[in-house]
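Subject: Structure handover

Hello,

Here is the structure I promised to pass on. Please open it alongside this email. My notes follow below.

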Amino acid sequence: MEMNIDRPDILLIVLDQLAWKALSCYGGEGKTPNIDGLVENGVAMDACYCPFPLCQPSRAAFWTGMESHRNRVWSNGRSWPIERIDESFPTLGETFRNAGYETMHFGKMHDGGALRGFTCSEEKETAIPDWNPAFPFNMDTYADVYTVDRAKEYFSSCSFDSPHLTVLDLINPHNICGWIGKNKGVHENAEGTGELPELPANFDFDDIANRPLPVQYLCCSHVRQSQTVGWTRDNFRAYLAAYYYYLSVADRHIGEVLDVLRDRGKLDDTLIVFFSDHGDNMTSRGSVTKQVTLYEEVTRVPLVFSGKGVVPRKEPVKGLCSLLDIFPTLCSIAGIDAPAGLDGIDISAAIDKGVLPPRRYVTSEWFTEWGYTISPGRMLRTDRYKYICYLEMNGEELYDLELDPGETRNLAGESEYADVLAECRKLLREHVFESSDPFFTLQVKVDPRWRCHDKGYANHRGCAAPEYKGE
């Protein structure tokens with residue numbers, strides 16, 4: 001690490017459910033002037049992946065620097081409750097606090113105990129009127145309003161006598177989930193929705209019969225997907241409009257906090273790291289939000305280093321990286337010894353030289369959202385190919401991301417890709433063995449009622465598993 005930074009102040013800005021493809025720096029349509037400003041003054045990673053495309057598992061993983069199968073935070077709770085991570089596991093907050101940093105966290109936790117070492121502000125809500133009735137606010141936005149006010153108060157009055165590691169942890173654009181509930185089933189788009197974005201090229205999905213069972217019946221385990229039954233193409237376009245709207249709300253909140261740092265004369269002295277815990281399907285393959293699947297839209301996330309000590313680059317840095325890399329990279333930047341056994345690697349060379357360390361692959365995991373269905377899966381992404389394996393009925397997916405970036409055609413059963421499939425299987429077995437991952441010994445739990453309707457999300461009938469109340 002050659003960056004000449006002596007214990008910089010660090011601000012981590014985390015959003016919830018932001019797919020990389022929504023941002024303009026990755027070719028998206030999001031209107032995010034404050035995030036765009038971070039990119040213009042920083043370095044974006046082109047292909048960063050989350051360790052688990054679900055809130056609590058992903059957060060527990062990047063705050064501990066450990067893959068989910070190691071810290072055992074494998075769900076969001078409910079019927080698969082999560083115990084707080086073991087005190088012996090290292091955490092980012094504890095590591096920096098022990099090194100003399102003032103460690104503060106504002107906003108969403110949902111961390112399984114992985115925020116140990118941070119002084120965490122309360123999670124409360126401040127209700128505000130809707131800015132546009134077509135895109136109503138709910139507890140997600142209300143929580144962000146409260147979070148931003150507390151962060152602004154803190155930065156307005158803190159002394160900066162010691163180095164700071166501060167987290168601004170916003171929930172939006174997650175408000176999109178509640179928007180689906182307000183617009184479930186057959187409906188007309190609300191007045192005020194405005195000009196509708198075009199659907200992505202991979203919206204139309206004719207490969208459903210060629211996907212593993214957990215994907216074929218995603219609507220049976222995922223409440224929000226089941227609520228889209230009856231939607232028209234324009235309803236899905238309105239979903240995109242709402243998603244971009246809630247992203248713009250998050251961007252505005254980010255700008256409010258950055259303005260306080262600017263007023264204090266500390267913005268240029270702060271290293272800012274911007275990322276998201278996981279992505280959103282953004283209507284790709286007719287899917288919304290996230291659940292079960294391990295496609296690009298839900299596993300690939302933005303990662304931007306900006307501000308103090310960063311030489312801006314016009315294009316995202318090519319190569320593979322993971323949110324697990326944040327922990328060791330920040331330790332390297334701050335001159336702190338990283339705890340032994342972290343699963344990520346130091347990628348500070350990407351900030352210095354625009355080059356990511358070479359790696360054979362990155363991975364992501366799936367287990368369950370709430371415990372009502374359990375469909376263990378693993379994703380392994382190489383430079384060109386993506387391999388996905390689910391335990392249920394030995395379901396496999398293989399994609400050539402160079403020729404098919406939208407993952408529209410599963411190649412796992414095609415003879416001309418037999419050698420690629422065999423190599424990916426080998427890499428996964430090696431990873432499972434080397435990381436002591438119990439994947440191949442895990443159990444599938446799916447009631448037959450969640451595998452009984454005609455394939456295709458539009459054919460879903462009745463409730464989804466988390467809503468089921470019994471006969």
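Which element gives the largest share of the lining of the second largest cavity? Strand β1 does, with 3 residues. More on that below.

Some ground rules come first. This is a predicted model, where local features need pLDDT of at least 70 and side-chain atom pairs count only at pLDDT 80 or more, while totals for chains, interfaces and linings use all residues. Residues are numbered from 1 along each chain as its sequence is written, and side-chain values use heavy atoms, with hydrogens and water left out. Helices (H or I, at least four residues) and strands (E, at least two) are DSSP runs, numbered from the N terminus.

Cavities

Rolling a probe the size of a water molecule over the atoms shows where empty space is left. The search uses a 1 Å grid over the protein atoms alone. A cavity is a set of points where a 1.4 Å probe fits but cannot get out. A pocket is an open set with protein on both sides within 12 Å along at least five of seven lines. Lining residues have an atom within 4 Å of a point. Points are joined across faces, edges and corners, and a volume is the space filled by probe spheres set on them.

There are 2 cavities of 30 Å³ or more.

The largest cavity holds about 60 Å³ of space. Its lining has 14 residues, and S221, Q291, T368, E369 and T373 lie nearest the centre. That lining divides into 7 nonpolar, 6 polar and 1 charged.

The largest pocket

This pocket holds about 690 Å³. It is lined by 28 residues, with M139, D140, H174, C177 and W370 nearest its centre. Helices α5 (139-157), α6 (176-182) and α9 (223-226) each supply at least two lining residues. The largest share, 4 residues, is from α5. By class, the pocket lining has 8 nonpolar, 9 polar and 11 charged residues.

Nonpolar cores

A nonpolar core is a set of buried Ala, Val, Leu, Ile, Met, Phe, Trp, Tyr and Cys residues joined through side-chain atoms within 4.5 Å. Buried means under 20% relative accessible area, exposed over 50%, partly exposed in between (1.4 Å probe, protein chains only). The largest core has 59 residues, and I13, L15, F155, W179 and F274 touch the most other members. Helix α10 (233-263) gives the largest share of this core, 18 residues. A second, separate core of 45 residues includes I10, L165, V273 and C321.

Single residues

What does W179 touch, leaving aside neighbours within four places in sequence? Its contacts (heavy atoms within 4.5 Å) are A134, F135, P136, W231, N235, A238, Y239, A242 and Y246.

F275 sits in strand β6. It is buried, at 0% relative accessible area. Beyond four places in sequence, F275 touches residues including L12, I13, V14, L15 and F62. Its C-alpha atom is 10.0 Å from that of D169, 106 residues apart along the chain.

S75 lies in the loop between α3 (68-71) and α4 (92-98). S75 is also buried, at 0%. A polar atom of its side chain lies 2.6 Å from the backbone oxygen of W80.

Backbone points to check by eye

A cis peptide bond joins N172 and P173, with omega about 15°. P173 is in the loop between β5 and α6.

M282 is not a glycine, yet has a positive phi of about 50°. T289 also has a positive phi, near 45°. M282 is in the loop between β6 and α11 (296-299), and T289 is found in the loop between β6 and α11. Are they buried or exposed? M282 is buried at 4%, and T289 is buried at 1%.

Best wishes

Conventions: Polar contact = N/O pair within 3.5 Å; in protein donor to acceptor, adjacent residues only side chain to side chain. Nonpolar A, V, L, I, M, F, W, Y, C, P; charged D, E, K, R; others polar.
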